[in-house]
Amino acid sequence: MAKARPGIGPQTALIDIDRDSEFTGDDVDQYSKLVDLGIECSGVLIKLPVMTSSTISVYGQEDSSTATVPFIIHRLRPDAQTSEAWTTTASTGSLFIHCDVMGGIRYIRVRANTNQGSDRSVTLVGTN
């Protein structure tokens, strides 16, 4: 089981459907605001709220600029020695998931591939 890093408490990745667009290709009904985990983390524990059923993806950024276009985080598939986009499906109920991050990441966005009808607060905790 992943161990939370000391001093890194839960952060909120708010999908704020009323915020202004921040980066090229931004869809404010799907992407969360940028979250700074505080340090480079090798994983992220994610608590999804009740939300419109969606495929959930985790995106990283190299810096804290909200204008930086995020990139999707891939996971290693040891069975095929390849990588694939890290995704999971959110149901209409709450769900805890863990995303391993190859090489570590500090700046995160969460994306639901379905427009959310209201704001959603996704909880993130950096792990190591």
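Modeller: A salt bridge is a side-chain nitrogen of Lys or Arg within 4 Å of a carboxyl oxygen of Asp or Glu. This is a predicted model, in which local features need pLDDT of at least 70 and side-chain atom pairs count only at pLDDT 80 or more, while totals for chains, interfaces and linings use all residues. Residues are numbered from 1 along each chain as its sequence is written, and side-chain values use heavy atoms, with hydrogens and water left out.

Biologist: How many salt bridges does a search of the whole structure find?

Modeller: The search finds 5 salt bridges. In one of them, the side chains of Asp36 and Arg106 meet at 2.7 Å, N to O. That pair links distant parts of the chain, with Asp36 in strand β2 and Arg106 in strand β8 (residues 95-112), 70 residues apart. Strands here are DSSP runs of E with at least two residues, and helices are runs of H or I with at least four, numbered from the N terminus.

Biologist: Which residues do salt bridges with shared partners join into one network?

Modeller: Arg19, Glu22, Asp26 and Arg109 are joined into one network. Within it, Asp26 forms a salt bridge with Arg19, the closest N and O atoms being 2.6 Å apart, and both of these residues are buried.

Biologist: And what does Lys33 meet?

Modeller: The side chain of Lys33 meets that of Asp16 in a salt bridge of 3.7 Å, N to O. Both residues lie in the loop between β1 and β2, 17 residues apart. Lys33 counts as partly exposed because its relative accessibility is 32%, whereas Asp16 is buried at 14%.

Biologist: Let us change topic. How many aromatic pairs are there?

Modeller: The structure holds 2 aromatic pairs. The ring centres of Phe23 and Tyr31 are 5.2 Å apart with the planes at 90°, so this pair is edge-to-face. Tyr31 also pairs edge-to-face with Tyr59, at 5.3 Å centre to centre and 70° between the planes. Rings of Phe, Tyr and Trp (its six-membered ring) pair if their centres lie within 6.5 Å; planes under 30 degrees apart count as stacked, over 60 as edge-to-face and the rest as tilted.

Biologist: Where do Tyr31 and Tyr59 lie?

Modeller: Tyr31 is in the loop between β1 (11-15) and β2 (35-48) and Tyr59 is in strand β3, so their pair ties together parts that are 28 residues apart in sequence. Tyr31 counts as buried at 8% relative accessibility, as does Tyr59 at 11%. Together with Phe23, they form one aromatic cluster.

Biologist: What else is in strand β3?

Modeller: Ser54 lies in that strand, which covers residues 54-61. Ser54 is buried, with a relative accessible area of 3%. Its side chain makes polar contacts with the side chains of Thr114 (3.5 Å) and Gln116 (3.2 Å). A polar contact is a pair of N or O atoms within 3.5 Å; within protein, one must be able to donate a hydrogen and the other to accept it, and residues adjacent in sequence count only if both atoms are side-chain atoms.

Biologist: Finally, how many helices and strands are in the protein chain?

Modeller: The chain has 0 helices and 9 strands. Buried residues make up 38% of its 128 residues.

Technical notes:
Buried < 20%, exposed > 50% of the residue type's maximum accessible area, 1.4 Å probe, protein only.
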